[in-house]
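I opened the notebook to record what I looked up, entry by entry. The sequence and the structure come first, and my notes follow.

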Amino acid sequence: MLDKCFNFVLAYPRSTVGEILDDLKPGKKDVVLDPFCGTGTTLLECKFRGIPSIGIEINPVCVLASRVKISWDLNLNEVRKYLDIVVERAQGEYV
């Protein structure tokens, strides 16, 4: 998963967020607000737990990483199509 691939210096582990959520016990009708969400660690942990969350971030790189980490509705056929294009082009370059 991207949270293991993209190491952001200021990020904290999901386990820390998990402990806080365990203490606060938000329900599925609650919404967690993370006003400085960085790469989305809190948003990801909330998503795993089925808790609605909202993140706010100004750094566009962090916004991208956060969106990728919490976007689980990929169309695998589209991904496969683009993967095939990338592989085809790479093979053409190195043949």
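Which residue follows H3, and what is its phi? I looked past the end of the helix and found Gly50, whose phi is positive, near 75°. I note here that I am reading a predicted model.

I then turned to Lys25, which has a positive phi of about 55° although it is not a glycine. Most residues other than glycine have a negative phi. I placed Lys25 in the loop between helix H2 (14–24) and strand S1 (32–34), and I recorded it as exposed, with a relative accessible area of 65%.

**Entry on helix packing.** I looked up how helix H3 (residues 41–49) sits against helix H4 (residues 60–70), and I found that they pack at an angle of about 10°, with their axes 9 Å apart. Angles under 35 degrees count as roughly parallel, and H3 and H4 are therefore roughly parallel to each other. On the H3 side I listed Thr41, Leu43, Leu44 and Lys47 as making the contact, and on the H4 side Ser66, Lys69 and Ile70. Sorted by class, this contact of H3 with H4 has 3 nonpolar, 2 polar and 2 charged residues.

**Entry on burial in H3.** Which residues of H3 are buried? I wrote down Thr41, Thr42, Leu43, Leu44, Glu45 and Cys46. Thr42, which lies in helix H3, is buried with a relative accessible area of 9%. Leaving aside neighbours within four places in sequence, I found Thr42 in contact with Tyr12, Val17, Val32 and Asp34.

**Entry on the core.** I looked next for the largest nonpolar core, and found that it has 5 residues, namely Val17, Leu21, Val32, Cys46 and Ile51. In soluble globular proteins, nonpolar side chains tend to be buried together.

**Entry on the cysteines.** How many disulfides does the structure hold? I found 0. Cys62 is in no disulfide, and the nearest cysteine sulfur, that of Cys37, is 7.8 Å away, whereas a disulfide is a pair of cysteine sulfur atoms within 2.5 Å. I recorded Cys62 as buried, with a relative accessible area of 2%. Cys46, at 0% relative accessibility, also counts as buried.

Note on methods
Residues numbered from 1 in each chain as written. Predicted model: local features only at pLDDT ≥ 70, side-chain atom pairs only at ≥ 80, totals over all residues. Heavy atoms only, no water. Axes fitted to C-alpha atoms, helices over the stretch in contact; angles between N-to-C directions. Helix = DSSP H or I, 4+ residues; strand = E, 2+ residues; numbered from the N terminus. Parallel < 35°, antiparallel > 145°, perpendicular 65-115°, else oblique. Contact = heavy atoms within 4.5 Å. Nonpolar A, V, L, I, M, F, W, Y, C, P; charged D, E, K, R; others polar. Buried < 20%, exposed > 50% of the residue type's maximum accessible area, 1.4 Å probe, protein only. Core = buried A, V, L, I, M, F, W, Y, C linked by side-chain atoms within 4.5 Å.
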